[in-house]
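Please look at the sequence and the 3D view first.

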Amino acid sequence: MAFQAPNRILVGLTDNTIWTLDFAGNILAGPLVAPGIEDFEGIVQLPSGRIVAAAYNAGKLFTIDRDFDRLVNLGVNYRIGVRVSQPIGVAWDSDKNQHLIAHAGSGLPQHTEIVRLENFQDADPAVNLAALGFNPGAMTYLPDEHLMALGHRNSPAAILLFDNSGALKEQIDVSALGRLRAITYIPSTKQFAVRFASDPLLVRILSRTGTLVRTIDLSLSGINQVLGLSFFNPNHPSGGEFLMFDGIFHHTAVVTDFFGNPIKHFDYRAKLGILAASDATAITTGPMEGAFSMVDFSSSEIVVFRLE
């Protein structure tokens with residue numbers, strides 16, 4: 001909302017419309033519609049009388065003529081990156097040597113999807129979550145079955161399995177355990193390691209069909225909750241290692257053995273510049289093999305790093 005001289009108010013709405021009102025609230029002009037654009041949040045009148053508006057996630061400034069009749073062919077493009085916003089889950093597709101990212105689309109439900117990130121330059125759609133009625137969540141990949149796995153955050157509480165064409169192949173019901181918050185697949189045992197919302201420091205090891213096998217108590221790990229986790233190094237004497245990390249207020253990451261015994265800690269904000277990590281994955285193939293990727297929900301970034 002902004003003042004328009006001499007006596008009007010400019011208002012942008014979430015339904016992609018812009019209006020002008022007087023100070024009594026009466027509509028004087030509008031709606032002016034920008035097709036395909038949602039949620040006008042920035043709007044201002046220039047000294048020339050023209051109006052400039054910015055939508056929430058369009059990555060562009062829109063110019064409107066002084067009579068509020070139409071959008072004119074003037075504007076500024078300020079798009080950054082590959083237009084993947086608010087990433088919640090990340091996994092490594094070892095078949096295609098690509099990142100898979102589940103993102104919330106700037107909070108607009110119709111934009112939620114899983115994309116493939118190739119060479120950090122292009123994001124290609126992989127699964128339209130909005131069309132299927134699913135919410136983005138933590139991710140992992142099943143290399144032995146060539147399936148993407150998404151931990152559905154809300155109802156139905158399930159592990160959703162998609163093939164590489166984006167088709168939903170299977171749903172593993174975990175509703176008896178609660179809302180799923182973190183997940184990683186263990187190829188060597190064909191099991192899932194999962195953290196549910198009701199138990200911040202308890203990781204449950206589930207069979208491929210969702211049956212509880214064992215639990216890992218992380219109350220002595222030095223973190224306050226398991227916000228994300230990734231399995232790696234199956235050759236470790238214990239059977240493998242996990243990278244786990246804490247929430248936005250603590251920024252602690254911990255590496256544990258296969259049974260949750262801490263091996264090392266580090267501050268991921270200090271080391272990586274990440275403010276709000278939401279998920280991580282081990283990169284198991286290709287030129288970056290042995291590294292990890294972590295996604296930052298707050299800044300819509302992915303950071304690739306190696307453990308010291």
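Which residue meets Asp 93 in a salt bridge, side chain to side chain? The partner is Arg 116, at 2.6 Å from N to O. The model is a predicted one.

**Salt bridges**

Asp 93 belongs to strand 9 (residues 87-93) and Arg 116 to strand 11 (residues 113-118), so the pair, 23 residues apart, links distant parts of the chain. Asp 93 has a relative accessibility of 0% and counts as buried. Arg 116, at 9%, counts as buried as well.

The count of salt bridges comes to six. Three of them are set out here.

| Pair | N to O distance |
|---|---|
| Asp 93 and Arg 116 | 2.6 Å |
| Arg 208 and Glu 145 | 2.7 Å |
| Asp 199 and Arg 204 | 3.1 Å |

Side chains of opposite charge can pair when their charged atoms come close.

Arg 208 and Glu 145 both sit in loops: Arg 208 between strand 19 and strand 20, Glu 145 between strand 13 (139-142) and strand 14. The pair therefore ties together parts that are 63 residues apart in sequence. Arg 208 is buried at 17% relative accessibility, because the cut-off for buried is under 20%. Glu 145, at 31%, counts as partly exposed. Glu 145 and Arg 208 also belong to a network of salt bridges that includes Glu 170.

In the remaining pair of the table, Asp 199 is partly exposed at 23% relative accessibility, whereas Arg 204 is buried with a relative accessible area of 12%.

Strand 19 (residues 202-207) is joined to strand 18 by five bridges. Gln 191 has Ser 207 as its bridge partner in strand 19, and Arg 195 has Val 203.

How many residues of strand 19 are buried? Six of its six residues are. In a regular strand the side chains alternate between the two faces of the sheet. Here Leu 202, Arg 204 and Leu 206 point one way, while Val 203, Ile 205 and Ser 207 point the other way.

**Core and overall make-up**

The largest nonpolar core has 16 residues, and Ile 159 and Phe 192 have the most contacts inside it. At least two residues of this core come from each of strand 14 (147-151), strand 15 (158-162), strand 17 (180-186) and strand 18 (191-196).

The protein has 27 strands and two helices. Of its 308 residues, 50% count as buried. Along the principal axes, the C-alpha atoms fill a box of roughly 75 × 40 × 40 Å. The protein exposes about 14200 Å², and carbon and sulfur atoms supply 52% of that area. Among contacts with a separation of 6 or more, 34% involve residues 24 or more positions apart.

Notes
Residues numbered from 1 in each chain as written. Predicted model: local features only at pLDDT ≥ 70, side-chain atom pairs only at ≥ 80, totals over all residues. Heavy atoms only, no water. Core = buried A, V, L, I, M, F, W, Y, C linked by side-chain atoms within 4.5 Å. Buried < 20%, exposed > 50% of the residue type's maximum accessible area, 1.4 Å probe, protein only. Helix = DSSP H or I, 4+ residues; strand = E, 2+ residues; numbered from the N terminus. Pairing = 2+ DSSP bridges. Contact = heavy atoms within 4.5 Å. Areas by Shrake-Rupley, 256 points an atom, 1.4 Å probe, with all protein chains shown as cover. Salt bridge = Lys/Arg side-chain N within 4 Å of Asp/Glu carboxyl O.
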